[in-house]
Structure formats: structure tokens, C-alpha cells
Amino acid sequence: MNYSVDNVLLGSAVLLPLFFAVCGLLPRMRGVAAAGTTPAGAAGLAAALCVSAESTLDLPWTVLGLRLGLDETGRTFLFFSAILWLLAGLYGRGYFRGQERAWLYHVFYAFAMAGNFGLILARDAVTFYVFFALMSFASYGLVVHNRTDFALRAGRIYIVLVVAGEVALFAGLVALIGRTGINVTLPAGEAMAASPAALALLTAGFGIKAGMLSLHTWLPLAHPAAPVPASAVLSGAMIKAGLLGWLRFLPVGQDGYASWGTFFIIAGLAAAFYGVAAGLVQTDPKTILAYSSISQMGFMTLGVGAGWMAPELWSALLVAVTVYALHHGLAKGALFLSAGIAPGGMSRWSWAGVAVPALALAGAPLTSGAVAKSALKYSAHELPGSWPAVLGVLLPVAAIATGLLMARFVVALREYHSASHGDADRRWMVPAWAALVLASVAVIWFWEPGAGFAQGTLKAGKIFKAAWPLLVVAAAGLAVYRWPPEFLTRWIGRVPPGDLVVPAEAVLLFLRRTVARAAGRFPRRAAPDLGNLVDRVASRMLGLEKSLGVWRRVLIVLLGLALLLFALSMAAAAK
Amino acid sequence: MMASPEAWLVLCPLAAAALAFLWRSRGAFIGIVSALINGALVAWLIALMRTEGVRRIEIGGWSAPLGIEFYADGLSPWMLMLAAILGVATAVYARGYFKDPGSWFWPIWLMLAAAINALFLTRDIFNAYVCLELLGLSSVALIALSGNPDALAAALRYFFVSMLGSLFYLLGVSLLYSAHATVDIDRLRSLVSETPATLAAAAFMTVGLLLKTALFPLHFWLPPAHANAPAPVSALLSGLVVKASLYLLLRLWFEVFPGAIFASVAPLFGLLGAAAVVWGGIQALLQERVKLVVAYSTVVQVGYFFLLFPLAAHPLTAELARQGVIYLLLAHAIAKSAAFMAAGNFIRVVGSDRLEDMKGAGTALPVSMFSLGLAGISLMGLPPSAGFIGKWKLFSASLTAGQWWWTVVLAAGGLLSAAYFFRILSPALAEPSRLGAKIPRTMKWTPMALALAGVLLGFLAPQLLEIFEIGAPLRPAAAMEGGP
Amino acid sequence: MNAVWIYLCTGAGLIALGVLALVREPHFFRKVLAFNITGSGIFLLLVAAASRVSDGPPDPVPHAMVLTGIVVSVSATAVGLALAKKYHHLTGHTALPGEEDEE
């Protein structure tokens, strides 16, 4: 009996969002998609809370033979993701009130939700990939929803990286399946060991989603460009899918990958610091949050790398990374949602609702952040070589830096005016946001893997240890508040949102202009602009095409081709 | 004979065609039932072949050369499967598209189905000629179906092209028969040598079939013919009919003509294929009508198929290239017919076929929009679609063979197709407009199902390719394997 | 062998004539006629091939093929003429759009 209830829960977590998404496509049922995000998100939450660990749902009759199930890691991921999707969905119902195109948003939202839940529940590689792709492509619709130039540019960059990521993932999957056959059960670490090419391809493919440094450029553009509730799920839930991909596919915790471990630790540290540095000089609070996400994902990357370097620590580190994902997902989601509340006026209570998750991200004592960070630090002390010493210095510095970034965010939020349109209904938005803030505070104390660490952080000594970086931040925060952000740009330099993409775009633009200029110089007599040249080349091409179809030439081409074939084969025969 | 699906595969659509002709008011019903039976027969044949391997059946107990033999190795059920999938999809779509259930579409289409099934089963180059003619004539009639002057002109042009191609092919057949006194592929394979008569026959048959396959620079007739036909007919012509002559060409070059000349002719095919990819892509970008864009994309895809020749000439990459092109055939058939059907829906709702009139069509028809996007994914060759599997295999084949320049062609083709699909999709995604026309549900969901299948088939590659490898088809003659 | 050569040469001549006319003549009727002539030329080649068995009765297979070929070309002629007639009826033209201009 229990078994079948589990199956219904597993199935509905994936099928309900899909069902509502498809409903939304039908003209007469558009409203259903918006209302449907609530039950769909609730189905995911129910699965995370109620499904027992052993149950799996096999759907061999589907084309690909889907297999769904839930392990402890997946349960935590599903838990916080479902909370985010559910609450951001409720928030969205108010946020988009009165907007004509809102139904389209909800359709994409439901598709992306189905993808996110599905990939968490996937028990084999192909299922994971399918849902990952569904989520990635559907969230393009979320990024470009506003249809502003900014959103469209962000969407272009996002879709290019998504496609690149999909190609890398699929190629990696093909390489993996080539060795092992189509049925790769997750976690696939052992199967992966056979194929270094698959390892590199999957690292990069998931790295794009997880905002790994140099693959992160879509993040600071897409998150601010998307509507507020979409940013919350993008940053809170969807980028964690990249992390989960690593956990599911890479042979973390196995011997013989020390160099990969070093690479991941260094990449993680680089992202952690770079994200803060680039974020500090931004003015849009959502861009600041996006950079903060890059920085925070860096800590999780570091955790994965540590597990690779010291396989004996992996079981502890896996829990630590999972708890970190839980903490960051909920806190970051809450902060993003506040960006839609702030322009409409904030009470003192509301500012407390901003401050709590911001403090949590900075790792203040008694918050989820302190729990997550202590879990990570605990294992970092046991790493081989000089890593404990290095991390012993760098991690507190990073915590201070994060604190600064959060201070910068609060300052920027005070001056924030846009991001919400006139008809938005705060009666949906404020409660959903408040619920998410509460969840981000409370959940860590009750949720099984987090609660264990949480007890440990309650000791007085630990509280002080977690508090001292914050005291530094308080002092520095005052400074940030007094001299924003010119003071910082002098130290860091100007970083346009999307950093690396900007020079790349500039190069492309330069090339285009140069070509246009050269083309303008070339045909002296004609109007010297590129558009005209293109038109002329085009009409020339069309003319040529037409002339290929003239009957008389057809015979010449036909006989000429026959003669050529004959001559070629005679020559080969003569050899 | 009763127990052989091969005979039924030809008889069944033929009988259905006669029935639909006599009982025109029930044409749609007869067509759909026949398409379903056809699907079941193909499944039966595949099941039989999985246990028995290659099958050879003598019709009426007469053996070749006087009697007719049916032969099926892995390539035959592959092509039959393709025809069966498109058959069911087209029948369902056409039932909504042609409001009159007694449309001439049904008997003519069933005739076409019989001809194409027979072509994929025959092992006799003269029979293949008869099937090709029957196929050509029914296609001509289908193109002319709408009866407007543009369609009639396109049909006439197609008719003359088809005649010219068939005559060249028949000339080659008669030369081969004069030289070797047989038309059976296996017997010819053991008899042919590099005599001038054989080589001349090869040249004539090849250009005749190239003309029918619409390989650049002989593609001029394809875009108007495919663009002026009714949507379900365009779907069939682009998805299936073009591949019939290609099928014959592959059979001839891999299984009949002397292996010694293969390697020297192969680069020419590769070059023409590459030119088709680039030229077709550019032309597709320049078109102003939706169906012309989709039709030029067929010119591009035909180009990809011909990359098989240079890559198969290399012993290390022959298998990879063969599988890649075979998968591309499947991917293109499914995605292209989905694209034509979705485009047909847009045109029905908008009332015009011009790109500039497509504004907002996507909001009126989100399902069709989505199907067109999915079909585009497969045609561009993005993962996980079937098109990606095909291109990926060709890509690795070119790298393994050391012929990296084909990878440039593949990449350029992918980029160009992304660009021209964007040209259709971007106006359709624009702000909504009030478009009233309603279209039947079957017309909405058939292209969607096809396009989804095209994307998901990428995952079934290993299992499906097992079917194709039965009896090891398209293995070049022994001389070539050791050749240059 | 003389008779065979007569067949072969006539066949080749008809094929050349037919293909040339098929491409050069814009009028539908002439085009249809042209491919019939080309077809006849090819049939002559096939009939000549029947005599390749030097002693004994001629090979029956080419004759069977020619008969089949004639049936095919008759039906093709019918389709072509019907289309041309309909096109002429609708537009008043007797040649394909691009081709009249060339003459």
C-alpha cells in the first residue's frame, strides 16, 4: 500500500507540472497554468516529505524508460526546490496580475518546474538529461519574458550557453553510454571512471548551469533580466541543478582524482572571491545577488573538490554541500523576492525580512548560513597538505567579503525603484515572500541532515567564532554605506554586468563595424552601407538560383555531370 | 506467400488505392486504415527479420530473371519504417486538412505508398524503374492537387524533370542489361567490371537519380514543387519521395557498381553535397515565403546525405558514416514533415505564406509554433534530437578520416539552419494579433507528435540501428575496402 | 550483327533527338512527344540486346521489359497531357512560365 502511495507521489511531482504546462498551451485553459503552479509545487514538496527512500517508480512504457526515485541527497534538493517553486509561484500570481502575456510565463514556469523536479528524481542518466534539457530550454522563456532589449540580450547569451552546455552534456553522455550501455544508474561515478572525455564534458556542461567561473557570464545578465519570481527560482533552485549534476555524475569520493580535486577547489575559491569583487561594484540589486550566487556556488564547488581530494571525507562533505545548497537556495530566493517588494515601500518589519536572509548568507551566528559554513569548515580542516592552513585563512576572509556584498545589496535595494509594474498585487507577493523568509530561517533546524550540524553550532564558542567576521563586516558595511559605489570602483575597477561577455560582444561589434566600413569603401559608386551590399549580394544569389533552373542549362549540367562521372571512373579504372 | 509481409506491403495499399478510387466518399477512412495496416505490416517484417535475418521472397513462385523477387536486408525495413511513420502521420493530418473526405488525395497517395513500398523491397533495377515512374507520376498528381496555376506549373515542371531523370536511369538499365544480361542487383554485383559500357551506364543512372534526388546543382525544381503542394503532400514529398531515388542511388553505388571506381567518384559527390548545404542554406535565408524556406532546407539536407560517399570511401569511417547518414535520413523525414505540417497550420490561419504576414501566428497557434521549434532542433542537429546523432556520427567520421573540411560544412549547415529557422520563428513570436481561423485538433497535434518523436529518437539510436545492420547493407564491394 | 547495329544506331539517334527536344522545345505537347521518342530509342536498345544470345531463340526478358516500359510511358503521356490541357485551360499558356521568354 505504502509502495503505491509513494509511486503516486513520485509520478505526480513530475506529471502535475507537465500537465498544467500543457493545459496552459490550450487557449481556453490559459488560466489553469497560473493556478496550477501551486498544486504542482505542493506535489513536489509532498514527494520530498513523504516518499520513503527505497521506492522507485519505473515507467518502462515511456519511450526512454523513465526511472524516478529519491535518495537522501535528492530529498534535500527536492525539498528546498519545491519550497522555492511553490512560493515563487504564489508570488508570481500576484506579480503578473493584469499582464496580458502572463499565461505564457506560467507555461514556461510549469515546464521548467517539471524539468527541475524530474532531474532531481531521475534515477538514470538519460532521464536526468531529458529533464535537465527541459528545464534549461523552458527557462529561456522566463529570462526573456519582459521582452525588453536588456532581456532579449540576456536571453541570447543565455540560450547560446544553454545550447553549448547541452551539446557538452549530450556528447559526454554519448561517450559514457558508449562504454556502459544505455542504462546508466545514478549516481554514475563508477561508470564515469572509464571515460575521461565524458568527465571533462560533463564537468563543463553542468559547470555552465552552476555558474563555474568563465562559464558564468549568463548568470549576472539573466537573473536581473528575468521577472522577480523567475530570478528567485533561477538562482535558488535551477543553478543547483548543475551542482546536483556534478554530484550525480562525477566520480567524487573515489580515489585517484586528486588533481581534479585541486582544480575544483581552486575554481571554487576563484568564483567565491571574483563573485564578491564583481558584485560590489554593481548598482542593480538583482545583479548584486546574481554575482553573490556565483560566489556562493564557489563554496559548493570547493566542497565537491575537497571530496575529490580526500575521498574518506566525502560522506561528510556530501551532507555539507547538500546543506549548503539548502541554505543558499532558500536565503537567495527570499532576497530575490524582496527585490519585487522594495519598490512598493517597505516597513520596518520588511527590512527585517531582508536582513535575516542577508545575514544568513554572510554566515551570522544562529542562522542557516552559520550551520552550512561550519559543516563545510569542519571537513576542510581534515584535508591533506597545506590546504587546511590555506582555507583556514581564506574561508573567513570570504565570509567577510560576502558580508560586505550583502551590505552593498541592502544599500542598493534602498535606492531601487523599478522591477514591478503597476498592477502587481501585493496581497499574493508579501505573504509568499514572508513565508520564504521564515522557511529560510527555520527549515535548517528541522531538516534531518542540517539539524545534526545545527545542534553543533549552538555552543557559545562557536557562536563567537561565527560572529567575529560579522563585526568586521559591520564596520566595513558602514564604510560601504557612506561611500557607495565610487569608493569601490576605485579599488576594483568598473565591471559591467556579464563581465566576460562584454569584451566578447565588443569584439564582435568591432568586427561588424570594420566589415561594414570596409564594405562601404569597396563599392565606390553604390551607396556605401552594408545593408545595401547585402541586398545586392542577395539579389545576385537569387538570380543565380533562377538561372540554374533554366531548362536548357539543365541539359548541359546533366550531360556535363555524366561526362565528369564517366571520366573520373574511367580514370580510376585505367589505374 | 500468405505469410510474407512483403507481398502485403505492396498489395494492401494498392488494393486500398483502388477501393478509395471507387468509393471516393470514404477515401479518408480507407486511407487511415490502410496506413495503420501498413504500420503493422512493417512491424511484422521487422520482427521476422530480427529472427531470420535477410529475407528473399519469390512472388508467385517465379524466380528471377522472369519472376519478381522481393528482398529485404536492414536498409529496406529502415526505409519502410520511415514510410510507415510518415504514412500514418500524413493520413491523420490530411483527414483534417482536406475538408472533403472524397478528395483525390486519398487514392493517389495510396498509389504512392504502394510504389514506394515496392521500391524499397525490390532487388531488381528494372522493377525499380517501374516503381520510380509510378512514384513520380503519383507525386506529380499530388502536387497538382490544389489545381491553381502555380501548382500546375510546378507539377508540370516536376513531371518533365521526373521523366528526364527516369529516362536517363532507364538508359543505364538497358546498357547494363546489354552487357550482363541481368537486372538483379546481386548478380550484377558479381558480373560488373570497369568496362566502358558499365561505366557509361553508371554515369547515366547516377545523373538521372541525382536529378530526382535534387542534389545541387540539379535542385532547381524542388523548392517550387514542394512549396506549391498542399501541406500534407509537401510533407510526403520532402520527407519521403526525395529519399526514394537516393535509396536507389545508394544501392547502386554500394552494391552494384565496381568498387574500384567508388573512391575516385566519391569526392565529387561530397563536393556537390557540401555545395548543396551552403547554397541551399543561403537560399533558404533569402526566401520570403515560409514553405520555400522549409523546402530549401530539404536541399540542404540532401547535401548532408551525400557526405556519406567520401566518408564511406575511407575504410576506418565507413561504418560511422553509414550509420550517421541513415540516422539523418530518419531524422530529416520526421522533422521535415513536422515542419511542413506546422507551416501548413500557420498558412491556414494567416491566409498567406509570406514571412512578413506571420506576425503573431505563434501566439494564435502555440502548439504548432512549438512543433516547428522542435522540428528545427532536429534539423539544426541540436542534441538530443535524432538529427544530432546523425550529424555527430558524420562529425566524428570526418575527424577520424582526417577530412576535417566536412566538419566545417556540417557546422556551417547547422548555423545556417539556425538562422533561417529563426527567420520563421521570430515574426511568429511577435505581439499577438487577432487571427480567427480555427484548425482541427488532428492538424495541431500530428506535427507535434512527429516533432517530439524526432527529438526523442536521438535516444533510441543504438536499438534502431540494430534493425539497419541486419544483413549488413550498403557494404561496398570487396575491391574498395582494400582500395586507395 | 548488321541488324543489331541498325537498331543500336537508330536507338541512339532517337535518344539524342528526344533529349534535345525535351530540353529545347518549350511547348508542352512537343515535350511530351520528345520523351516518348527518347523512350522509344531506349526500347530499341533493349530490343537489340535481345539478340546477344548468338545461337538459339532471342532472349525474351528484354521484350518483357519493353512491353512494361511502353505501358509506363503511355500512362505518363496521359498524365502529362492532362496536366498540360488543364494548365492551358486556366492560363492560356502552352509552356512553363520562365520558358516562353527565352524563345
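How many residues of chain C are in contact with how many residues of chain A? I will come to that in a moment, after a word on conventions. What we have is a predicted model, in which local features need pLDDT of at least 70 and side-chain atom pairs count only at pLDDT 80 or more, while totals for chains, interfaces and linings use all residues. Residues are numbered from 1 along each chain as its sequence is written, and chains are lettered from A and ligands numbered from 1 in the order in which they are written.

To the opening question, then: five residues of chain C are in contact with five residues of chain A, where contact requires that the C-beta atoms of the two residues, placed from the backbone, lie within 7 Å. On the chain C side, the elements that give two or more residues are α1 (2-24) and α4 (97-100), with helices being DSSP runs of H or I of at least four residues and strands runs of E of at least two, numbered from the N terminus. The largest share, three residues, comes from α1(C). By class, that side of chain C has two nonpolar, one polar and two charged residues, counting Ala, Val, Leu, Ile, Met, Phe, Trp, Tyr, Cys and Pro as nonpolar, Asp, Glu, Lys and Arg as charged, and the others, Gly among them, as polar.

Now the interface of chain A with chain B, in which 31 residues of chain A are in contact with 33 residues of chain B. Four helices of chain A, namely α5 (125-143), α6 (149-180), α22 (530-548) and α23 (551-574), each supply at least two residues of the side that touches chain B, and the largest share, 13 residues, comes from α23(A). The residues on this side of chain A divide into 27 nonpolar, two polar and two charged.

Let me turn to the chains themselves, beginning with chain C. It has four helices and zero strands, and its pattern along the sequence is α-α-α-α. Its radius of gyration, taken over C-alpha atoms, is 17 Å, well over the 13 Å that the globule rule (2.2 Å times the number of residues to the power 0.38) gives for 103 residues, so chain C is more spread out than a compact globule. Along the principal axes, the C-alpha atoms of chain C fill a box of roughly 60 × 25 × 15 Å. Of its 103 residues, 36% count as buried, a label that needs 20 or more other C-beta atoms within 10 Å of a residue's own, with 12 or fewer making it exposed and anything in between partly exposed, the C-beta atoms being placed from the backbone. Residues 24 or more positions apart account for 53% of the contacts in chain C with a separation of 6 or more.

Chain B comes to 21 helices and two strands. The radius of gyration of chain B is 21 Å, close to the 23 Å that the globule rule gives for 484 residues, so this chain is as compact as a globular protein of that length. Its C-alpha atoms fill a box of roughly 65 × 55 × 40 Å along the principal axes, and 68% of its 484 residues count as buried. In chain B, residues 24 or more positions apart account for 81% of the contacts with a separation of 6 or more.

Leaving aside neighbours within four places in sequence, Ala155(B) is in contact with Val140(B), Ile143(B), Ala144(B) and Leu83(C).

Finally, some backbone details in chain B. Most residues other than glycine have a negative phi, and most peptide bonds are trans. The peptide bond from Phe216(B) to Pro217(B), however, is cis, with omega near 0 degrees, and Pro217(B) is found in the loop between α8 (196-213) and α9 (222-228). Ala181(B), in the loop between α6 and α7 (185-191), has a positive phi near 55 degrees, and with 18 C-beta neighbours inside 10 Å it counts as partly exposed.
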